[in-house]
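Please look over the protein shown below before reading on. The report after it goes through the structure part by part.

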Amino acid sequence: MKDLDDIEALKYDDLDHVSKLQKTQRYIDIMQKVESALEKGSDVSKHGGVDDPEYKLVVDCTTLLLDIENEIIILGNFIRDKYRLKFPELESLVHDPIDYARVVKKIGNEVDLTLVDLQGLVPSAIIMVVSLTASTTSGKPLVAEDLHKTVEACDMAITLDSAKKKVLDFVQSRMAYIAPNLSAIVGSAVAAKLMAAAGGLSALTERPACNIKFLGAKRKNLAGFSTMTCQFPVGSYIEQTEIFQSTPPALRTCVSRLLASKSTLAARVDSAGGDATGGLGSALREEILKKIDKWQQPSPAKQVKPLPVPCTEPKKKRGGRRLRKMKERYAVTDMRKLANRVQFGVPEVSSLGDGLGEGYGMLGQAGSGKLRVSAGQNKLTAKIAKKIKERSFGSGATSGLTSSLAFTSVQGIELSNPEALANQLGSGTQSTYFCDTGTFSKIKRHCKPMQCNR
C-alpha cells in the first residue's frame, strides 16, 4: 500500500520528484567515503575480515549499486517519454538507457542528423540506421521547457552512470580480500551483487545453494517504469557470469545449478577465512569448466558386445517334493511341445492360413488334420480334481441326524430317517405316510393298506 501511495503522489512532470537518489544524504556520504578510499588505496595485510570498517563500506556500496541501477532506469523512461515527440523511432534503435541519454543530449532539437557527430557514443551500424530513420521521422521539435528537462535528465543519468562505475571499481578492488574465492568463480561484479542481495557475506553463507541461484531474479517494481524484462533477459546474478554466458543454451540450467553450489562453498570458506589467496576458488572454477567440457563431449559410439559364455555347470537347487510339484505345475504341455516343433517338408497350418497368424507347428500333422492331442492325466491335476469333488459332494458318510426326502407312489413327500424306517418295518410297527388327500396307515408289506380317512 505504501508503494501505491508513492505512485499516486508522484509528479511525473517534475524531475525532482522522479529522481531523488542523488540528493539523499546516504548517497553523498557513501560517495565521499568511496573517493577517499580509492585515493588511499588498499593494503590486504591491514584488513581484519568481516569486522573491518571497510567491509561494512563494501556492503553499503553493493546496496547502493542496485539503487543507482534502478534510478538510471527511471531516468531513462523519463527521457523516452519526453523525447518521443521529437524522435519516436529512436527508442526502438537504442535500448541501453545511458546510450539513449547520450544520443538525445547530442541530437537535441536538431532536424538534420548529418550535422551531428555520434561517433563514440553508439556503434557505427546504429549511427547509420539512426541517420536514415531521422530523415523520415514524423516527430516535431520539442518545446524549450521540455527540452531543458530532457537534457537535465540526461545529465543526471550520465552522472549516475559514472558514480556507478566508481563504486563498482571500489567494490571489485576490495572483493579480492573480502571474498577472494567467490570472486574467482563468479567474478568481482557478480560477487558484489550477490553480497548486496543477501545482505553481506555472512548472510550469503547462511543461504542454501538453491536460493542463491535465484538471487536477483525478482526485482522491485519501479512504478510501472521498469524495462528490466526487455533490457536484461537474464533472471539472476548467477546468469550474468562469464561461465554462464559462454555456455550453450542447452546446458545453462545445469551450469547455473553448478555455479550456485560451488559459489556457496566458496562464500563459506571466505567467511571463515580459510583461504585468503583464492586458490580454492580457482580450483572450483577449473572443476566447473572441466564438467562443462565433459557435458559437451559426444557420447561414445555403441560397441557390439559378444554374448556371454553360457554356464553349462549344473546349478545347485533344492530338490524334493516341493520342487517336483513346481516342475509339474510349470511344465510345458504336450500340445505346446507339438506347437513349438516344425517338421521339414510339410507345410505348417496357421490360424489365418497361407502362413499368416499363429502357427500350429506339428499339431494335426499325423492324423486327419484336427488339432487333437491325447495326453495322460497329470497326477497333480487328478489330485486337485479329487479335492474339488470332495468339497462339492462330501465324503459319502451319513449321520443319524440327517433327514431325507422320499417321494411316494401317491405323489407324497415323506420326511423321515431311513434307518428308523427300516427298524419299524422289520418289527411290524405302524408308520404314517402323508399325502395330498389325507393320511393312511401301513403295518407290513403283506397287509393291506387302510383306506384314507377322507
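## Overall make-up

This is a predicted model. The protein contains 20 helices and 4 strands. It has 454 residues, and 30% of them count as buried. Its accessible surface is about 30,000 Å², and carbon and sulfur atoms account for 55% of that area.

Contacts also show how the chain is arranged. Taking contacts between residues at least 6 apart in sequence, 59% join residues that are at least 24 apart.

## Salt bridges between helices

Side chains of opposite charge can pair when their charged atoms come close. The structure holds 11 salt bridges. One of them is formed by K105 and D155, whose closest N and O atoms are 2.6 Å apart. This pair links distant parts of the chain, since K105 is in helix α6 (residues 97-107) and D155 is in helix α8, 50 residues apart. K105 is partly exposed, because its relative accessible area is 42% and a residue between the limits of 20% and 50% is placed in that class. D155 is partly exposed too, with a relative accessible area of 30%.

In one, the side chains of R285 and E242 meet, at 3.9 Å from N to O. R285 is partly exposed, with a relative accessible area of 22%, whereas E242 is exposed at 60%. In the other, the side chains of K262 and E287 meet at 3.4 Å, N to O. K262 counts as buried at 13% relative accessibility, and E287 counts as partly exposed at 31%.

Salt bridges can also share partners. D81, R84 and E91 are joined into one network in this way.

## Buried charged residues

Is D161 buried or exposed? D161 is buried, because its relative accessible area is 11% and the limit for a buried residue is under 20%. D161 lies in helix α8 (residues 144-178). Leaving out residues up to four places away in sequence, D161 touches I72, I98 and R102.

K82 is found in helix α4 (residues 53-83). K82 is also buried, with a relative accessible area of 13%. Which residues does K82 touch, not counting residues up to four places away in sequence? They are D13, L142, D146 and T150.

## The surroundings of F244

F244 belongs to helix α14. With a relative accessible area of 6%, F244 is buried. Apart from neighbours within four places in sequence, F244 is in contact with I238, E239, R252, V255, S256 and L259.

S256 can be looked at in more detail. F244 and S256 are 12 residues apart in sequence, and their C-alpha atoms are 6.8 Å apart in space.

Which residues form the positive surface patch? The patch is made of R318, R321, R322, R324, K383, K387 and R391. Two helices, α17 (321-329) and α19 (379-393), each supply at least two residues of this patch.

Where is R318 found? R318 is in the loop between α16 (279-296) and α17. R318 is exposed, because its relative accessible area is 60% and the limit for an exposed residue is over 50%.

Notes:
Residues numbered from 1 in each chain as written. Predicted model: local features only at pLDDT ≥ 70, side-chain atom pairs only at ≥ 80, totals over all residues. Heavy atoms only, no water. Patch = residues over 30% accessible without salt bridge, like charges linked within 9 Å, V, L, I, M, F, W, Y side chains within 5 Å. Areas by Shrake-Rupley, 256 points an atom, 1.4 Å probe, with all protein chains shown as cover. Salt bridge = Lys/Arg side-chain N within 4 Å of Asp/Glu carboxyl O. Lys, Arg positive; Asp, Glu negative; His and termini not counted. Charge placed at Lys NZ, Arg CZ, Asp CG, Glu CD. Buried < 20%, exposed > 50% of the residue type's maximum accessible area, 1.4 Å probe, protein only. Contact = heavy atoms within 4.5 Å.
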